[in-house]
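Dear colleague,

Please find below the structure that I am handing over to you. My notes on what was found in it follow directly after it.

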Amino acid sequence: MTPREEKQRLRRKKKAMRKALHILNIALFILVVIITFVGIFHIFTPKKAYRNKGIECFNAGDYETAIDHFDKALGYNQWFSDKLNVDICYYKADAYLRLEQHQDAYNTYNYIINEYSDSHYNKEDVLYLMKITEALIKFSKGEYYSSHTTFVEAVDRGYKELAVYAAICYEFLDDYEKMKEYFDIYSREVGMDAYLCYKFAQYYIEQEDYNTGVAYTKQGLLQEDRTYEKQLRYTQIVCYEKLGQFSEAYAQAKEYIELYPDDIKGKDLYAYLDTRVNISEEPINDIYDLYGDDDYADEYFEE
């Protein structure tokens with residue numbers, strides 16, 4: 001090969017290399033653009049925005065809307081977001097628990113275990129939350145004996161808000177002292193509410209401490225929550241009757257049947273108290289067994 005031909009070969013080789021390098025640069029540029037484009041959709045997503053909206057609804061007590069936002073947040077396949085996803089799942093499970101959708105809460109905790117590395121959460125804690133949720137599922141089915149030990153253990157471990165479930169289990173197991181003990185724990189944790197006032201009033205009726213029973217019914221009727229107003233009113237009448245304060249009991253009973261005209265037990269109690277306040281010398285036909293063993297009170301509390 002002559003020197004001239006050699007030079008021409010080297011020039012062609014350099015030209016080919018420059019062309020190949022140019023093509024490679026173009027390919028790299030396109031790859032960077034693609035990666036950047038894809039990355040934008042997998043790094044910069046509305047995941048955190050939906051999570052924050054969910055938490056806002058959760059704190060406002062709108063748990064169903066919160067769950068909807070959490071699901072939308074989890075629906076975004078954002079890179080490097082496993083830890084954030086676990087946090088969202090915790091909130092979602094808690095929202096289900098507050099809605100008493102215990103199976104859904106259990107499934108959410110199980111999802112954390114199955115989908116994410118335990119480097120992003122404490123596996124022992126999640127498994128224990130699943131155990132508590134299992135107990136809540138049993139409780140909702142009326143399996144009080146098999147669930148109460150889990151609630152007692154949970155209270156001992158610091159889950160004081162679960163004391164109400166332990167108390168109700170003990171009530172169904174006819175252990176009223178333990179019931180009172182765990183209602184006390186719950187009241188110290190969350191404060192008194194209408195439900196607790198009603199349960200304490202019932203307890204003190206069982207103890208024949210009717211003055212304390214009246215005090216709790218009055219406290220309960222002052223609560224903003226009116227869910228247990230009917231039960232509290234009836235219990236108050238029973239306490240006054242047991243104390244022999246028939247005039248007060250009669251006045252309360254008269255108001256009660258005006259508020260709840262379809263309540264048969266309320267009518268029976270009113271009729272009985274009427275015989276104590278408006279005494280008639282004429283005997284009446286005791287068709288309701290009103291002078292028996294105060295069955296009207298026991299039957300009402302069994303509801």
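A residue is called buried here when its relative accessible area is under 20%, exposed when that area is over 50%, and partly exposed in between (1.4 Å probe, protein chains only). By this criterion, 39% of the 303 residues of the protein count as buried.

This is a predicted model, in which local features need pLDDT of at least 70 and side-chain atom pairs count only at pLDDT 80 or more, while totals for chains, interfaces and linings use all residues. Residues are numbered from 1 along each chain as its sequence is written, and side-chain values use heavy atoms, with hydrogens and water left out.

The protein has 15 helices and 0 strands; these are DSSP runs (helices H or I, at least four residues; strands E, at least two), numbered from the N terminus. Among contacts (heavy atoms within 4.5 Å) between residues at least 6 apart in sequence, 51% join residues at least 24 apart.

The largest nonpolar core has 30 residues, of which F151, V164, Y165, Y182 and F183 touch the most other members. Such a core is a set of buried Ala, Val, Leu, Ile, Met, Phe, Trp, Tyr and Cys residues joined through side-chain atoms within 4.5 Å. At least two of its residues come from each of α6 (123–140), α7 (144–156), α8 (163–172), α9 (176–190) and α10 (194–206), and α8 gives the most, with 8 residues. Leaving aside neighbours within four places in sequence, Y165 is in contact with L136, F139 and F151. A second, separate core of 17 residues includes Y250, A253, I257 and L273.

The largest share of the lining, 5 residues, comes from α4.

Two loop residues deserve a look for their backbone angles. E100, in the loop between α4 and α5, has a positive phi of about 60 degrees although it is not a glycine; E100 is exposed, with a relative accessible area of 56%. D174 lies in the loop between α8 and α9, with a positive phi near 65 degrees, and counts as exposed at 55% relative accessibility.

With kind regards
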